[in-house]
Amino acid sequence: MTAASFSLSRDDRPILIAAAFIVVILVAGTVYTFARFGSAPLLSPAYLLQQLQIGAFLGIVSAGMMIVILIAQIDLSVPWTLAAAAMMATSVGGPLAIPVGLGVGVLVGLVNGVGVAYLRVPSMIFTLGVNAVMRGLMVAHTGGYAPQTGATDLMRMLAGDRTLGIPNALFVWAAVSVLVVVILQRMSLGRYIYAIGNKEAAAYLAGVNTRRVTVVCFVLCGLAAALAGVLLAGYSTKAYQGMGDAYLLPSIAAVVIGGTNILGGRGRYLGTLIGVVLIVLLNSVLSIMEMPEAGRQVIYGLVIIFMLLVYGRGERVTS
Amino acid sequence: MPVADPTQSAFLELAGISKRYAGVRALEGVDFACERGKIHAVLGENGAGKSTLIKIIAGVVQPDSGRMRLAGSEVSFATPSAANAAGVVCIFQELSLMPDLSVADNISIASPPRRFGLIDAKAQRRRAEELLSEIGCEDVNPLRRVRDLPLSRRQVVEIAKALGKRPQLLILDEATSALTSADVEKVYAMLARLKAAGVAILYISHRMHEVEALADRASVFRNGRHIETFDKGRRSTADIIQLMIGRDIAAQYPPKPARNAAKPVLALENLCWERQLDRISLSIGAGEIVGLGGLDGQGQKSLLLALFGVLRGVTGRLTVADREVRPGSPAAAKSVGIALVPEDRKTEGLMLPMSIADNLAIASLDALSTGPFIDTGRERTAIQRAIARLQIKLDAASDAVSTLSGGNQQKVVLAKWLMTDPRIILLNDPTRGIDVGTKQELYRLMRELADQGAAILFYSTDYDELIGCCDRVVIMYDGRIVRELEGDDLTETNIVASSLNVDTDTAAGAAHA
């Protein structure tokens, strides 16, 4: 990965800061648990692996979200793409469960991509609309109740089981990560993604098929959300209403905390990985501290704002 | 006016001004002075330090050392508005207008006239009208959105906005580079009036004839140093160019080879688009450089965009190397061997924050890839070849392209397209705001490409350039080609006359009458 060719550029700064903040969270959490319970669960590999297993779902969603943010768009249809994929996968069942679930993601991505690239509707509005449509369709499909169908064995195996003591979900996350890094660094598609995010007009006038690239990006994002949905259904053994709601904001936050420019064109995947880990650990430390939900939300929001303020300072000098 | 004390005569004085950017010297110990009622040209290649000088005077950046005196008292401007308050107003090369606001809004953006604390739209409009008529451009409607104006008119608005601040010292940084000839005349007249009123004017331009026509005095900068200041007429153009680049330049333009009838590479027949292109027929042979002339906004840019597949609803026949094509996008145009150097390199030609290497390779990634994967070895070789071929001056190809000077940026745009091996090269005013040295390199390169068999269609607002570079020039007027000039007919008089769509004989006759 890129960490090998490490040089301190402006893209690396946020990644270093986020990594440092992860250390701060771990230290603060450990000091707290040590003082309170006399133990340090945060530093035990078993606990960390369990947290990362939960983080894998967010990680996969964030990988797709990052691609869309890099071309200066956004995908707000993630929550119900995720839920719809999970619901369709469980209701179809059998060997077709996973392909159908992923197919839902591709389809939603295609619709999003065509709406943004060809119909020229701003992605913030279009994907928000698609999210509402998907939600309506799923309520119609399930009658508004939790679906009675369960996840297939393969889904449970991929999301819940372990191989050599490591959760399988982590392997899936790793595979997705490798794929994204290859796309962004080794493929012309990746170069086009950065080019479009920096200046769509210039990319277009350089003969880049910007509309096709945009559609591909939304398809990848839909696919990632669907994959996360299928896995999450496997992890909880079934699909449920609103299962994707907790993933929209954190996935955007992870991408941005990892140093990807919310306006597109700049950012490294390593940053997104670190952003996901940061958010997962922050959540888990807050829950260990038995912080009430209200306080958790406040701290969570403040951390995101604080991190972006820190990054923003470096930026102004260069502009 | 009372006779000025010679020690008091300099309105603005700089002493020992130095400025570095991240270790790179931009200005070094510069002493400089300019007077009221004089037009003072500042000359130098891009990167010579002119822009930094101006930014320091206008309060955009602060010098590392040195002193600045305005009207005899020491000043240091922390912000551009502080400079404005002292009567120092600058019109920058990059336009600073808000495209979605009206002309009137833009002109009064810093201090709109108020009534009861609210913006007085009527007064604002009147003010815009007055200022525009001061320049002689009453035909610009103050209520139009700036976005809808052609580049030339936007520059006029920019000038009106500066005038609205009632400058004592007016700085124009390439402020006429996009003006059409007609607007240039008006701006010249306005500058003459300001000069008569005792305003000090600092003027940066890359067009030598403009400097000759306007300036009372000129200062040459090179590599961040002030080389020489001299009064009008004391130095020949050749001398000045010599001072600017510090090396000999044999000929302004490369010689044109004798033309023999070449096979047409690009042929268009009855090309029409909305109301901007009207039955355009033209054919360009291999090895030919054809100029597009005429006043700004007569359809030249639309023609280039139509050929490049950007415009929807173009009718007519377009053949490339005897095959009829209908490019529906730049990607399609690229695949038949067409390249376009667009009008605005900063927004259309380059992804500024991306590296020089990424910008160079972006148009030829398909050819540099094996399947969907980029072949990094081949990519690096191709990039190095392009950099060497165009002699792009850079530290490292991984630097952001925004760190290059304007001329080198334009070379990157051109190099990007040369990497695709185009048969047809469309150039949209590629030398705008570029220093003399780079311009000449571009002229040579164009001729070299033509000699290798490329067909070049070259739009320029600089008539000199069209005459010097092109084998043939077609003049557009109101979306039509009204005249084709070549050989001895290719003269400035003929271009100007045809641009105004008047008969050359009539023009000559009128001059005699």
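Modeller: Two strands pair if DSSP finds at least two bridges between them. A strand is a DSSP run of E of at least two residues, a helix a run of H or I of at least four, both numbered from the N terminus. This is a predicted model, where local features need pLDDT of at least 70 and side-chain atom pairs pLDDT 80 or more, while totals for chains, interfaces and linings use all residues. Residues are numbered from 1 along each chain as its sequence is written, with chains lettered from A and ligands numbered from 1 in the order in which they are written.

Biologist: What makes strand S3 (residues 39-43) and strand S11 (residues 217-222) of chain B a pair?

Modeller: Four bridges join S3 to S11 in chain B, and at least two are required, so the two strands pair. They run parallel, and Val42(B) has Ser219(B) as its bridge partner in S11(B).

Biologist: How do you know which helix of chain A supplies the largest share of its side touching chain B?

Modeller: Residues are in contact if their C-beta atoms, placed from the backbone, lie within 7 Å. The contact takes 20 residues from chain A and 22 residues from chain B. Helix H8 (188-198) and helix H9 (200-205) of chain A each supply at least two residues of the chain A side. H8(A) gives six residues, the largest share.

Key. Contact = placed C-beta atoms within 7 Å.
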